[in-house]
Amino acid sequence: MVTPPNNDMPVIPSTRYAHIVGWGMAVPEKILTNQDLEAIVETSDDWIQSRTGIKERRIAGETESTASLGLKAARKALEVADILPTDIDLIVVATSTPENIFPSTASLIQNWLGANRAGAFDLSAACSGFVYGVDMAAQAIRSGSMQVAVVIGAETMTRVMDWQDRGTCILFGDGAGAVVLKASDVEGGVLSAILRSDGSGGDLLGIPTVGSEDLYHSDFSSNGHKMHKMHMNGGEVFKFATRVIKDSIEQALVKANISIEDLSLIVPHQANERIIKAAARSLNVDPDMFVLNVDRYGNTSAASIPIALCEAIEQKRIKPDDYAAFIGFGGGLTWASMVIKWTGAKTADTRTGLSINQQRRQFSYLSVRVRAQWKRFNQRLQNLADRINPRRGRIRRLRDKADQL
Ligand code: UT7
């Protein structure tokens with residue numbers, strides 16, 4: 001029996017639709033295998049594979065970060081959509097591992113893209129964040145207030161692992177995925193979404209950080225969790241995930257006015273192969289309908305759905321006019337499902353050679369880099385001049401202060 005989606009009904013009819021017209025993913029090159037982990041914690045390849053389905057995950061190198069991975073994914077998505085950075089109205093980055101509390105990772109990416117007309121913000125809904133973000137962007141497009149939005153799921157989860165906790169450190173990996181959403185009057189795109197939260201389960205997984213009431217006392221929170229490190233009660237989260245997936249997808253299908261038989265593909269959050277198989281059983285569908293790549297990337301939190309979507313598209317598992325569902329679940333507790341009618345990128349397949357837009361995008365990225373380098377060079381030059389002539393430095397600082405008054 002499907003619980004009616006209560007306050008989410010009725011869907012307001014709209015003649016504007018939000019279509020996914022671009023997609024891209026980026027993962028670090030460095031691979032961390034289960035055998036590598038055997039040298040770090042007391043575990044085994046056999047245990048990890050049989051309990052999770054994971055064989056390896058990607059781990060960010062020294063020069064990689066949440067924003068750099070997100071940027072790469074976003075650039076690829078813009079390429080597929082053949083959209084200019086200056087056409088973007090909104091950039092949303094779903095992440096639990098932002099570069100800073102602020103400025104947002106989205107603002108960093110906005111600058112690096114040269115998206116100078118875009119608003120940007122980070123979204124915190126853990127592993128459900130990407131679906132939340134796509135829904136927020138789709139609503140803005142459907143309402144008529146925006147034309148183009150980029151939604152990115154990006155994480156460097158390996159930076160917040162407690163490498164002594166074998167129950168969590170074997171699960172997570174790094175990566176990013178992005179989609180471009182665009183307004184259209186052609187029916188399709190994002191058809192429905194169900195967003196949910198149960199904050200009473202907030203202690204089951206999380207990363208305590210600067211705002212935590214316990215920061216004064218020690219590097220540990222009052223319930224013993226390490227600051228800035230992830231903790232999880234795996235068994236309880238497992239039960240929660242298997243409980244909500246079926247109901248959530250069925251509610252999104254009701255809202256989209258289609259049935260499970262109409263679906264061609266389900267892109268789930270990649271937490272554990274056993275969770276995905278259990279979901280297939282409870283929905284009574286062929287497990288092959290679910291995209292599964294947890295074996296190669298582990299759990300990349302908010303990045304896992306867009307990465308899995310990109311791979312499914314590459315493998316031609318979805319074609320125009322197919323229906324697909326996304327389902328995310330994780331910290332909060334939060335969960336979110338979505339039904340879309342797939343559009344594809346009509347322009348991407350037909351374009352050949354360097355288009356004018358490609359050249360303009362390259363120019364935009366280059367000019368941002370040159371500006372940033374110029375700013376750094378200028379700063380260094382001033383610091384040097386101040387060291388050579390301290391009196392000049394004092395006068396300059398006084399002048400700067402006076403300008404601010
Ligand atoms: O993305 C957010 C959503 N996250 C999830 O959905 C994660 C959901 N949870 C899970 O995927 C699973 O609960 C885990 C994979 C985290 C754990 O699997 P489990 O089958 O629930 O194992 P368990 O925690 O019940 O532990 C079973 C045994 C324990 O030993 P004893 O007490 O039975 O002797 C653990 O100490 O396995 C032990 N164990 C390990 N052994 C080897 C726990 N972690 C490991 C390990 N290697 N890495």
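I took pockets from a 1 Å grid over the protein atoms alone: a cavity is a set of points where a 1.4 Å probe fits but cannot get out, while a pocket is an open set with protein on both sides within 12 Å along at least five of seven lines. Lining residues have an atom within 4 Å of a point. Grid points are joined across faces, edges and corners, and a volume is the space filled by probe spheres set on the points.

**Ground rules.** The model is predicted, so I note that local features need pLDDT of at least 70 and side-chain atom pairs pLDDT 80 or more, while totals for chains, interfaces and linings use all residues. Residues are numbered from 1 along each chain as its sequence is written, and side-chain values use heavy atoms, without hydrogens and water.

**Largest pocket.** I looked up the volume and found about 780 Å³. The lining has 32 residues; Thr95, Ser96, Thr97, Pro98 and Ile207 lie nearest the centre. I sorted the lining by class: 13 nonpolar, 16 polar and three charged. Here Ala, Val, Leu, Ile, Met, Phe, Trp, Tyr, Cys and Pro count as nonpolar, Asp, Glu, Lys and Arg as charged, and the others, Gly among them, as polar. β5 (119-123) and β9 (205-206) each supply at least two lining residues. Elements are DSSP runs numbered from the N terminus: helices (H or I) of at least four residues, strands (E) of at least two.

**Ser96.** I then checked Ser96, in the loop between β4 (90-94) and α4 (105-113). Ser96 is partly exposed, at 25% relative accessible area. Buried means under 20%, exposed over 50%, partly exposed in between (1.4 Å probe, protein chains only). Leaving out residues up to four places away in sequence, Ser96 touches Ala126, Glu155, Ile207 and Ser301; contact means heavy atoms within 4.5 Å.

**Second largest pocket.** This pocket holds about 490 Å³. I counted 27 lining residues, with Gly167, Leu171, Met232, Gly234 and Asn272 nearest the centre. Two or more lining residues come from each of α2 (45-52), α6 (166-169), α7 (234-256), α8 (273-283) and β12 (323-330). α7 gives the largest share, four residues. The classes are twelve nonpolar, ten polar and five charged.

**Ligand.** Which residues come nearest the ligand? I found Thr43, Arg51, His269, Asn272 and Asn299, out of 23 around it; near means a heavy atom within 4 Å. A ligand oxygen is 2.8 Å from a side-chain N or O atom of Arg51. Another entry gives 3.4 Å between a ligand oxygen and a side-chain N or O atom of Arg274. A ligand nitrogen is 3.0 Å from a polar backbone atom of Gly234. A polar contact is a pair of N or O atoms within 3.5 Å; within protein, one must be able to donate a hydrogen and the other to accept it, and residues adjacent in sequence count only if both atoms are side-chain atoms.

**α8.** Asn272 caps the N-terminal end of α8, with a side-chain oxygen 2.8 Å from the backbone nitrogen of Arg274. I listed the buried residues of α8: Ile275, Ile276, Ala278, Ala279, Ala280 and Leu283. They pack against α7, β11 (263-268) and β12. Asn284 follows α8. Asn284 has a positive phi of about 60° although it is not a glycine, and is exposed at 70% relative accessible area.

I noted a cis peptide bond between Phe102 and Pro103, omega about 5°. Gly332 and Leu333 are also joined by a cis bond, omega about -10°.
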